[in-house]
Amino acid sequence: MVPCRLYTQKSMIIAQISDTHIDPDSPNAAERVRDLQRCVDDINRLDPAPDVVIHTGDLVHNGNAAKYQVAARILGALKRPLHVAAGNRDDRAAIRSIFAAGRDLLPGTPFVQYSVDAYPVRLIALDTLSDISNMGEFCDIRADSLRAALAEGGARPTAVFMHHPPFEVAESKYRWQFDSQEGIDRMRRALEGQSHVMRAFCGHAHRIAVGKIAGVPVSSTPSVAIDLRLGDFPDGVQSAPLYQIHRLDARGGFTSELRAAL
Ligand SMILES: [Fe+2]
C-alpha cells in the first residue's frame, strides 16, 4: 500500500499493533482484551515469524498500574520482541519501565524516545505526546534527539515509529493530529535529507491512512480495539481485530499488509 524505496537487500518483518486501549473500567473491557489476545495469538502463528512487534501507542486507556498489568500479561505471550511507542492515553513512566526496550535517547527527561539496533533495520521510537492536549507535539528537545540519533546511526537503514500521524489524514475528523504545524515541521526538518530513513509507522487515527513526511512514506494502522476502529471494512472482517505486517522485501522497501486476526 506504500511505495517501496530502494535501500537494502536485507529482509525483515515487523508486525504492528496499535491503540488497544485496554481499560478494565470500560463497558467494552472484555472485548478489548479479547481483540488484543486474538492479535497476539495470530502474530504467534505467523510463518515466517516477524522479527519484531511494534505497538504504536494507547496501549491502555488513561494508564494506571492495574491496566498495564492486564496489557503486560497478554503481551507477555508474544514470542517475538515487543517495542512500544507511548500514546496520549499512556503513562510515559509505565511505558518506559515495562515496555521501552532500547537505548534511551533522552535519559533524565520524561520523553520516551529510544533506538533499537537489534534488527536489519534500525528502529527509533519517537515521543509525540503533548502536555496540553491529546494531539501530537514534537518539541526542539525531541527533534534534536532524533537528529543526533540519525547522525550517530550513519547510513544504517532506519524506520521510526510513533503514536500521532505527522501528515494530513483527510478522512479523519481531525485532519491534522498535532497541536500545531510547528511540531510536524520540527520532525520534518530532522528527517530531511536522511535518505536512509525508509519508513515511519503510526497509530492514533484508528484508521488506515498513508502520507509522507520529508519524503519518507508514513502510515497509520487501525485500532486493534474494534469498538474504536474507524473506516469501512468488508463484512467478513467486521468482527475481527486488525493489525499490519510490514515486510522488507527483496526490492529493499517495506510493503504493508492489513491482516485480520480471524
Ligand atoms: Fe491516541
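A nonpolar core is taken here as a set of buried Ala, Val, Leu, Ile, Met, Phe, Trp, Tyr and Cys residues linked through C-beta atoms within 7 Å. In this predicted model, the largest such core has 67 residues. The residues with the most contacts inside it are Cys 39, Ala 125, Ala 159, Val 160, Phe 161 and Ala 200. As for secondary structure, strand β8, spanning residues 197–202, gives the most to this core, with 5 residues. Val 160 shows what such contacts look like: setting aside residues up to four places away in sequence, Val 160 touches Ile 124 and Leu 126, along with Val 197 and Ala 200.

Next comes a pair of helices. For α4 (residues 140–153) and α5 (residues 181–191), the axes come within 9 Å and cross at roughly 15°. Angles under 35 degrees count as roughly parallel, so α4 and α5 are roughly parallel to each other. Their crossing is right-handed. On the α4 side, the residues that meet α5 are Asp 140, Ala 143, Leu 146 and Arg 147; on the α5 side, Arg 186, Met 187, Arg 189 and Ala 190 take part. Sorted by class, this contact has 4 nonpolar and 4 charged residues, with no polar ones.

Arg 188 also sits in helix α5. With 19 other C-beta atoms within 10 Å, Arg 188 counts as partly exposed, because a buried residue needs 20 or more. Once its neighbours within four places in sequence are left aside, Arg 188 is in contact with Ile 213 and Ala 214. The C-alpha atoms of Arg 188 and Lys 212 are separated by 9.6 Å, with the two residues 24 apart along the chain.

A few spots in the backbone deserve a look as well. Most residues other than glycine have a negative phi, and most peptide bonds are trans. The bond from Asp 47 to Pro 48, however, is cis, with omega near 5°; Pro 48 lies in the loop between α1 (29–45) and β2 (52–55). Two histidines have a positive phi: His 21, near 45°, and His 206, near 65°. His 21 is found in the loop between β1 (12–17) and α1, and is buried, with 26 other C-beta atoms within 10 Å. His 206 belongs to the loop between β8 and β9 (209–213), and is likewise buried, with 22 other C-beta atoms within 10 Å.

Technical notes:
Residues are numbered from 1 along each chain as its sequence is written. This is a predicted model: local features need pLDDT of at least 70, side-chain atom pairs count only at pLDDT 80 or more; totals for chains, interfaces and linings use all residues. A residue is buried if 20 or more other C-beta atoms lie within 10 Å of its own, exposed if 12 or fewer, and partly exposed in between; C-beta atoms are placed from the backbone. Helices (H or I, at least four residues) and strands (E, at least two) are DSSP runs, numbered from the N terminus. Two residues are in contact if their C-beta atoms, placed from the backbone, lie within 7 Å. Axes are lines fitted to C-alpha atoms, for helices over the stretch in contact, and angles run from 0 to 180 degrees between N-to-C directions. Angles under 35 degrees count as roughly parallel, over 145 as roughly antiparallel, 65 to 115 as roughly perpendicular and the rest as oblique. A crossing is left-handed if the near helix is turned anticlockwise from the far one by less than a right angle, and right-handed if clockwise. Ala, Val, Leu, Ile, Met, Phe, Trp, Tyr, Cys and Pro count as nonpolar, Asp, Glu, Lys and Arg as charged, and the others, Gly among them, as polar.
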